[in-house]
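User: I am new to this structure and would like to learn how to read its features one at a time. Please begin with the general idea in each case and then turn to the example.

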Amino acid sequence: MKKPLLLLTLVALVTPATAQEYILVDDDVPIFSSDVLEITYETDEQFGQRLLPGILAADPKTQLFSQALQLTGLADTLRCYWYADYTTPSEPRYYYRSYVWNEVAWFNEHRYKNFTVFAETDDVFAAQGIGNIEQLKAYAKQVYDPVFPDDAAISDPTDRRNSLNRFVAYHILRHGSTYWYLTFYDGKMTERFVDATLTDINVWYGTLMEQGVLKFSYPLIGNDSGVYLNHRGLGTEPDKYGKQVRGAKVVADGEQGFDHPCFNGNYFYIDRILAYDLPTRDDVLGSELWRMDFKTLSPDIMNNYQEMRGDYFMTDDPGSTPSGHNYIYKWDAMENITGHSPEAPGLVARRTDANFYCWQGDEINIFGPFDFNIQLPTLPPGEWEVRMGLAVTDMRPSVNVYLNGQLTIDSLVLSRGYYDADMPFGQTPLGADILAYMETHVFTVEQQGDSLFLVTDVKTGEQMLTTEDPYKKMYNGPYLFYTGVLHDAIIAGFIGIDSTTGESIDWSERANNYRAQAIKDYTATQPKVMHAPKACMRFNSGGHQFSLFDDSQYSLRYVLGHIVSDGRNRNTLRIEWRAASPYSSAKEMMIDYFELVPKAVYDNQEIPEE
């Protein structure tokens, strides 16, 4: 017998039902579609109580925080749950080839707005002598006026510059998350993504307070392990800079556990008052390196946190979700990221895979020519270095890099392995580039008739004649990047006769010395390249840990430039496809993570960064 099925729906949100093998409602017993006579949609009059402001207001433990949420108008922000103007792509999947793998990524059917709130209970406030909204206002003013003195006179609590407004906004993330996704620690070996003797598990997220980023840590410290907000140190000890700040800890709620799920997000209890005060700004956030996995930069990517992680020990299976999904985000459907690519409809975020040569096993890809902008989080005042980490292959393009609209790197080639000015010529992946540099700045070659070439020493003006263009010989060599062959070829190539006297001459030693200097001169024109961090690790599906980042010539960091932050405004990073390098078959851009590094770290003359 067929029966009617009643589904309570959201106000102004009606999704047509589609026939399937069975229908599942609220994880209840599945109902075969053949047994359903009709589906009726009705309005849930209590829907507002299912959103974050409603559930916080109903929680007897968070009455003061809820009152502040209402007074600042931020409760209205937390009543949002989706983007009504989002258009579902006609094709739900995007098929692509990355390196040697044929893969698929999913578009989101809807674009949701989710939030995560960290709330002090009334007992936590009371322990600090705060028992009503006026006392909380006074506390917020005491904390935030020294950080933002120009805004001290703003009394309207709905103004985003007001101290109480900032206090509440700093408690709210722009994406939804359950406890085991607040960091990349999940108790299933993801702690192996870092060397715990060098760093805690740390993550940084933007908040509704535009000027304040919130740091999350999961220090592995036995019974005290857990998620901490604005923690600084190494476990229970100071870090190598002598800094140690305990921070606020996310605490469980009796039998309910950590999570307080709502329709549009989650909230958590914390055991201390959370604030962006001067010590937090200067001692926790303003003097420590931020290593930010790309996905953490956009709430839209983080809203798919659970599906993207999946089971990182399983291989891809497009028809099954346990292994996790790759997602593709339309260029106009990401907060903090905008751009375009004529060959790709959006940005691909690849799921966590234990076998990827990436930190945390995930990465982002853009296929074909592109031009995109990233709104970096607001940094504490001071000078900062911006770095990008990725795995280089011959498929990477050359790019132009801009910081706050200023070109900082013209044609950064991402298809070559590690190099520095002290490497022997035959070991550097820049061999062809350095030969081209030498051809312009060291020895110029001019053809003289059919069988002679005039070689001029640019530094001295001396000239010799040879029967073969030495540079052409180098470029056409089948083993250009092998040390011995390239070295011997240069020695053999710079032998000829003096163009004036006709005497035999051998410039091999001269060429060798010039070559060594050319390496230093050329690499000095390139952006600083660094091995991947020593603290970052990877492991394979068998659970074996590898330190393949800091000793690999293909897992690199590039210094993209420097910015001076005023502590109030965000910064923009633009990356633009320039052209394919003649030494690559460029098809895809890949980014793994960014590093935002304060001068206290990158220019520390007493304590090496690594």
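Analyst: We may start with burial. A residue is called buried when its relative accessible area is under 20%, exposed when it is over 50%, and partly exposed in between. Please keep in mind that this is a predicted model. With that cut-off, Asp145 counts as buried because its relative accessibility is 17%. Lys141, at 37%, counts as partly exposed.

User: What share of the residues of the protein counts as buried?

Analyst: Of its 610 residues, 54% count as buried. The accessible surface of the protein comes to about 27300 Å², and carbon and sulfur atoms account for 50% of that area.

User: How many helices and strands are there in the protein?

Analyst: The protein has 14 helices and 35 strands. As for contacts between residues at least 6 apart in sequence, 70% of them join residues at least 24 apart.

User: How should I read a salt bridge, and which residue meets Asp145 in one?

Analyst: Side chains of opposite charge can pair when their charged atoms come close. Here the side chain of Asp145 meets that of Lys141, with 2.8 Å from N to O. Both residues belong to helix H5 (residues 133–147), and because they are four residues apart there, about one helical turn separates them.

User: Which parts of the chain does the pair of Asp362 and Lys295 link?

Analyst: The side chains of Asp362 and Lys295 form a salt bridge of 2.7 Å, N to O. This pair links distant parts of the chain, 67 residues apart: Asp362 is in the loop between E18 and E19, while Lys295 is in the loop between strand E15 (290–293) and helix H8 (299–302). Both Asp362 and Lys295 are buried.

A further salt bridge joins the side chains of Glu462 and Arg510, at 3.0 Å from N to O. Glu462 counts as partly exposed at 35% relative accessibility, and Arg510 counts as partly exposed at 23%.

User: How many salt bridges does the structure hold?

Analyst: The structure holds 38 salt bridges. Salt bridges can also be linked in a network, as they are for Arg291, Glu385, Arg387, Arg557, Glu595, Glu609 and Glu610.

User: Let us turn to aromatic rings. How many aromatic pairs are there?

Analyst: Two rings count as a pair if their centres lie within 6.5 Å, and planes under 30 degrees apart count as stacked. By this rule there are 31 aromatic pairs. Phe118 and Phe268 form a stacked pair, with 5.5 Å centre to centre and 15° between the planes. Phe118 lies in strand E7 (residues 115–120) and Phe268 in strand E14 (residues 265–270), so the pair ties together parts that are 150 residues apart in sequence. Phe118 and Phe268 are both buried.

A tilted pair is formed by Tyr181 and Tyr305, at 4.7 Å centre to centre and 55° between the planes. It links distant parts of the chain, 124 residues apart, with Tyr181 in the loop between strand E8 (172–173) and strand E9 (201–206) and Tyr305 in helix H9 (residues 305–309). Tyr181 is buried at 17% relative accessible area, and Tyr305 is buried at 15%.

User: Which ring does the charged end of Lys330 sit over?

Analyst: The charged end of Lys330 sits over the ring of Tyr86, 4.9 Å from its centre. Likewise, the charged end of Arg574 sits over the ring of Tyr402, 4.4 Å from its centre.

How values were computed
Residues numbered from 1 in each chain as written. Predicted model: local features only at pLDDT ≥ 70, side-chain atom pairs only at ≥ 80, totals over all residues. Heavy atoms only, no water. Helix = DSSP H or I, 4+ residues; strand = E, 2+ residues; numbered from the N terminus. Buried < 20%, exposed > 50% of the residue type's maximum accessible area, 1.4 Å probe, protein only. Contact = heavy atoms within 4.5 Å. Areas by Shrake-Rupley, 256 points an atom, 1.4 Å probe, with all protein chains shown as cover. Salt bridge = Lys/Arg side-chain N within 4 Å of Asp/Glu carboxyl O. Phe/Tyr/Trp six-rings, centres within 6.5 Å; stacked < 30°, edge-to-face > 60°. Lys NZ or Arg CZ within 6 Å of the ring centre and 35° of its normal.
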